[in-house]
Amino acid sequence: MYCYLLFIALISVERLIGLVVAHRNAQWAIAHGGKEFGHDHFPAMVSLHALLLASCVVEVWALGRPFVPWLGWPMLTVVALSCVVRWRCAAALGRHWNPRLIVIPGAPLVRRGPYRWVRHPDYIAVVAEVAALPLIHSAWLTAIVFSIANAVLLNVRIRLENAALTYV
C-alpha cells in the first residue's frame, strides 16, 4: 500500500506541475487575444481530479483493497501510457495547451503529434487514467464512480470545446 500512496503522491505532483504550466500558458494565450470559454466547468474538472486522487487513497485504506498483480500491473501500465499521451498532447499544442478552454482567434488547429490521428487524444488518455489509476490497487468503487463523473464532465467539455473551436 505504501508504494501505491507514493505513486498517488507522484501523480499529484505531476498534476500540480500541469496546473503551473497551464497557468503560464493561460497568461500567454490571454495576452495574445485568447478568449476563455466554459469557465464554469473548470473548477469542477479540478475538483473531480483532486477528489479522484483522494478517493484512491481513502478506498484502499478504509476498505483494505489489496494489490492484485494480474490487475494492478496492467493498470499501472495504462496509467503510465496515459501520462505519456497527455504530455505528448501538451508538447504538440505547445503554449496553446491548457485544461482551461482558451482559444486564440485565427490560430490554426494543431494537426501534429497525437492530433494527426484523433481529434481529442488528451481526453482518451484522461478516460483511461481515471479508470485505471484506482484499479492499480483494486479500488473498483472509485474507478466506477469517477469514470461515470468524468464521462459526464467530458461530455460537457467536448461540446464546449467543439463550439469554441468554431470561434477560431
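**Helix packing and pockets**

I'm working on a predicted model, where local features need pLDDT of at least 70 and side-chain atom pairs count only at pLDDT 80 or more, while totals for chains, interfaces and linings use all residues. Residues are numbered from 1 along each chain as its sequence is written, and side-chain values use heavy atoms, with hydrogens and water left out.

**Helix 4 against helix 5**

I looked up the geometry next: helix 4 covers residues 121-135, helix 5 covers residues 140-165, and their axes come within 8 Å and cross at roughly 165°. Helices here are DSSP runs (H or I, at least four residues; strands are E, at least two), numbered from the N terminus; axes are fitted to C-alpha atoms over the stretch in contact, with angles from 0 to 180 degrees between N-to-C directions. The two helices are therefore roughly antiparallel (over 145 degrees; under 35 is roughly parallel, 65 to 115 roughly perpendicular, the rest oblique).

Who touches whom? From helix 4 I noted Tyr123, Val126, Val127, Val130, Ala131, Pro134 and Leu135; they meet Trp140, Thr142, Ala143, Phe146, Ser147, Asn150, Leu154, Arg157, Ile158 and Glu161 of helix 5 (contact: heavy atoms within 4.5 Å). By class I get 12 nonpolar, three polar and two charged residues (nonpolar: Ala, Val, Leu, Ile, Met, Phe, Trp, Tyr, Cys, Pro; charged: Asp, Glu, Lys, Arg; polar: the others, Gly among them).

Helix 1 (residues 2-31) packs with helix 4 at about 155°, the axes being 11 Å apart. This pair is therefore roughly antiparallel too. I listed Tyr4, Phe7, Ile8, Ile11 and Arg15 on the helix 1 side, facing Glu129, Leu133 and Pro134 of helix 4. That contact splits into six nonpolar, no polar and two charged residues.

Then I turned to helix 2: its axis and that of helix 4 come within 9 Å and cross at roughly 20°. That makes helix 2 roughly parallel to helix 4, and the crossing is left-handed. His49, Leu52, Leu53 and Cys56 of helix 2 touch Val126, Val130, Leu133 and Pro134 of helix 4. I count seven nonpolar residues there, one polar and no charged.

The largest pocket holds about 1,100 Å³ of space. Of its 47 lining residues, Trp97, Asn98, Pro99, Asp122 and Arg157 are the closest to the centre. Helix 1, helix 2 (42-62), helix 3 (69-93), strand 2 (101-103), helix 4 and helix 5 each give two or more residues to that lining. Its class tally is 29 nonpolar, seven polar and 11 charged. For the record, a pocket is an open set of points on a 1 Å grid where a 1.4 Å probe fits, with protein on both sides within 12 Å along at least five of seven lines, and lining residues have an atom within 4 Å of a point; volume is the space filled by probe spheres set on the points.

The second largest pocket comes to about 150 Å³. I found Met1, Cys3, Tyr4, Phe7, Phe67, Trp73, Leu76, Ile136 and His137 around it. Helix 1 gives the most to this lining, with three residues, and helix 3 supplies at least two. Eight of the lining residues are nonpolar, one is polar and none is charged.

Note on methods: Left-handed = near helix turned anticlockwise from the far one by under 90°.
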